[in-house]
Amino acid sequence: MMEQRYVKPTATHVAAELLDKKPGVRVPILTREEAQNHKVMLNEKEVLHSHRLYWFGRRTQDIVFSLLALVVLSPLLLTTYAAIWIDSPGASPIFTQQRVGRNGKLFKMYKFRTMYVNAEENGPSLSSEDDLRVTPFGRIMRKYRLDELPQFWNVLKGDMSLVGPRPERKYFID
């Protein structure tokens, strides 16, 4: 009888094992116990995320759902835009903010303006529920998260994803 030999798993081996699951196809791979004995760390989530098919499906999902959301919510987006334009004359209803995305890539995130113009002239600070910098209509938008709706455009552009961590401001990361 021939001795079963195992190879140190690579992302390709683990992906084949986890994704294909074809009967009769055997990829030599360490068991969990053997991997722990050899101090090999297997992170199945990381391996799955490195698979091209996973990212293709995820990006397709982002495009379809963000396009659908922008079309269906367009009357609400236009109404909110007009209300902000009336509430804050002279200010752009769309607020852009530098955020840090995947792999440290900087991008402009779009939101509806909820604060007065030059609200952060003393430097960035985290907002609270009773923040004096927030406009009256901004409080309503924040309560129902309407200020976040323009971010569907960021998802459509590929700056963000519908699923995943929220991109943070570089100021708070540094």
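Here is a short chat about the predicted model above.

Visitor: What should I know before I start?
Guide: This is a predicted model, where local features need pLDDT of at least 70, side-chain atom pairs count only at pLDDT 80 or more, and totals for chains, interfaces and linings use all residues. Residues are numbered from 1 along each chain as its sequence is written, and side-chain values use heavy atoms, with hydrogens and water left out.

Visitor: OK, how many helices and strands are there?
Guide: Eight helices and three strands, taken as DSSP runs numbered from the N terminus (helices H or I, at least four residues; strands E, at least two). Along the sequence the pattern reads α-α-α-α-α-β-β-α-α-β-α.

Visitor: How many aromatic pairs does a search of the whole structure find?
Guide: One. Tyr-54 and Trp-55 sit edge-to-face, 5.0 Å centre to centre with 80° between the planes. Ring centres must lie within 6.5 Å, using the six-membered ring of Trp; planes under 30 degrees apart are stacked, over 60 edge-to-face, the rest tilted.

Visitor: What lies over the face of Trp-55?
Guide: Arg-102, at 4.0 Å from the ring centre. The test asks for NZ of Lys or CZ of Arg within 6 Å of the ring centre and within 35 degrees of the ring normal.

Visitor: New topic: what percentage of the residues is buried?
Guide: Buried residues are 28% of the 174.

How values were computed. Buried means under 20% relative accessible area, exposed over 50%, partly exposed in between (1.4 Å probe, protein chains only).
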